[in-house]
Amino acid sequence: MSLDRRTLLQTAGLTAGLIALTPSPADADVLTAADPTPARGKNEGNGPFRKLVIRGVNVIVGARGEIVGPVDIVIKRNRIDELIPIDPNAPKRRKPHDADHEIDATGMWVMPGLVDEHTHTGTGNTPRTYAYKLWLAHGVTTVRGVTVAAHADAVRDREASERNEIVAPRIVNYQTPGSGWDGGQVDSPEKAAAWTTWAAANGVDGIKFFGDRVYGRAEIEVMIAEARKRGLGTIMHHSPPIYKELNAVESGRLGLGTVTHFYGHFESLLKEGREHPKPPGYDYGNEASRWRAVATVIDYTFPPGSPQWRAYLEEQLENKVNFGPTFGVYLAGRDLARVRGLDWHPRFALPSIWDFWEPSPQAHGSFYYDWTSEDEASWKRFYQQYFQLIHDYKELGGRIVGGTDPGFIYNLYGFANITELEMLREAGLSALEAIEAMSGNVAQTLADPRGDQPEYGTVKPGMYADLAVVPYNPLQDLKTLYGTGTTRLDSTGDVKRIGGVQWAIRNGVVYDAKKLLADVADMVKAQKAAGACRDIDPDWSTYGPCGGSAGADIPPPAKPAARPTPPPRT
């Protein structure tokens, strides 16, 4: 299958607009970004059940550092009904006795299904079901699409997911200004107000702003104000062209909900000017030039701990701005070889997305064709200051929300969520705080514009049954959440691969996470068999799906601890 990434749109956030290539007859069974999401098959998940019981688990609640257990979790249809503490003196066969389905997870852990604040699908012409299954396989049960797909596709999948008709997380549909309607580009305050009114009435949950479009500060100000009136959320990627008009602190003053990525933060902290000096030959349109210059901004800003640093964070806190750092998507900046060689890429990265990731002056995010050790050193310095910013905001009481911006720069769906948890940990959050940042915090952020309390993101009675059941304590090692697991030395001296989510429960439907991963591995095999590797440079792609090692396999299913056999009834 010839999938020329240089024909794809080059701007992050518009992956739903990727050009749909028509497969040749030999490729007809290979899905693309344009194809509808397949209906949920009869062997894809079980439930929802009248009554489901998960036995013997410890629970990461997802808010305020709360951990409970061991408990039995009772789920009725798609809602958590009870968390019943286990009395060590209780009969071996515990109530309730009338469940339609039981999961013996004795000694395992349950955590809230992860909620990703920043997602897309379609990158590299990959089908949405590819992303959906990788997300669920890693316990990601809700995604805020910014955008997840074109408006009509996002609404259709959102509704089908709520009815359990497709295998997909819960979808929150944020769209960029002008998306979905027939009124043209949003290029005036009047159109900004009109589109926001239309969006609120036509299935849009919130607005994703960029800083390099036809709309500017005047239009953004109108849309934020209208969104607040109509219960829509807002999030902004402060692309550098907007800096002359708007930075992150100024957006916060306008009422913006979330600052995503690092853009705009450090521009709010400059000692002078609205932009930091750029080297000779800088070209915003050249992504290698742009990303190389990004990291040098810290040479011109007020340092951590300064009065200006604290004043910035305090003002953002007063304005209730959420910070979505998306650390993981930029990892190639500080260690390109590491992200290219991640052991899940050969087995789970589709050749078409790997082709999109190859170095290219055209494909968005593929900026590392001349990337040097000096560039990596510069980004490592930048990361330390960015980590400090996020840590300090958290310490002040600011809300950190976990997101991944997946599909770009070797940042693979699902796997990226666990990487982000690890990086939040590196930034100084505890493992528990990191999980809360990508569960309860995001859920609350998505509910805030409507003045509601979230119905997912925490493990409590009354909440939706969106859960991840994991064999190992993730607070001791977040790496055990990766679909390919992590390594342990067993009692015989052999190195074994253990871990991965065991079951993902989404809206009361129980999915075998290992089967979801196997489905994705089969998608990779099918695309390779259809000829997708023929256009990929083997010299560059040693670590990918078209060359080198087959990659890490899916760890074998965990063996849940056996519950004692109840005595026969007399």
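Predicted model: local features only at pLDDT ≥ 70, side-chain atom pairs only at ≥ 80, totals over all residues.
## The largest pocket

The largest pocket holds about 900 Å³ of space. Its lining counts 39 residues, and those closest to the centre are Asn322, Arg399, Gln444, Thr445 and Asp448.

Four elements each give at least two residues to this lining: strand S10 (233-236), helix H12 (373-396), helix H14 (431-437) and helix H15 (440-447). H15 gives the most, with 4 residues. By class, the lining of the largest pocket has 14 nonpolar, 15 polar and 10 charged residues.

## The second largest pocket

About 380 Å³ of space lies in the second largest pocket. It is lined by 22 residues; Arg170, Val172, Asp205, Arg450 and Tyr456 are the closest to its centre.

Helix H2 (151-162), strand S8 (170-175) and H15 each supply at least two lining residues here. S8 has the largest share, 4 residues. The lining of the second largest pocket divides into 11 nonpolar, 3 polar and 8 charged residues.

## Cavities

The structure holds 4 cavities of 30 Å³ or more. Helix H6 (residues 287-294) supplies the largest share, 3 residues. The classes in this lining are 10 nonpolar, 2 polar and 4 charged.

The second largest cavity has about 90 Å³ of space. It is lined by 13 residues, and Gly328, Leu342, Tyr410, Asn411 and Thr419 lie nearest its centre. Helix H9 (336-340) and helix H13 (415-426) each give at least two residues to the lining. The largest share, 3 residues, belongs to H13. By class, this lining has 9 nonpolar, 3 polar and 1 charged residues.

## Helices H7 and H12

H12 also meets another helix. The axes of H7 (residues 307-318) and H12 come within 10 Å and cross at roughly 50°. That angle makes H7 oblique to H12. The crossing is right-handed.

From H7, the contact uses Trp309, Arg310, Tyr312, Leu313, Glu314, Gln316 and Leu317. From H12, it uses Gln385, Gln388, Leu389, Asp392, Tyr393 and Leu396. The contact residues of H7 and H12 divide into 7 nonpolar, 3 polar and 3 charged.

Terms used
Residues numbered from 1 in each chain as written. Heavy atoms only, no water. 1 Å grid on protein atoms, 1.4 Å probe; cavity = no way out; pocket = protein on both sides within 12 Å on 5 of 7 lines; lining within 4 Å. Points joined across faces, edges and corners; volume = space filled by probe spheres on them. Nonpolar A, V, L, I, M, F, W, Y, C, P; charged D, E, K, R; others polar. Axes fitted to C-alpha atoms, helices over the stretch in contact; angles between N-to-C directions. Parallel < 35°, antiparallel > 145°, perpendicular 65-115°, else oblique. Left-handed = near helix turned anticlockwise from the far one by under 90°. Contact = heavy atoms within 4.5 Å.
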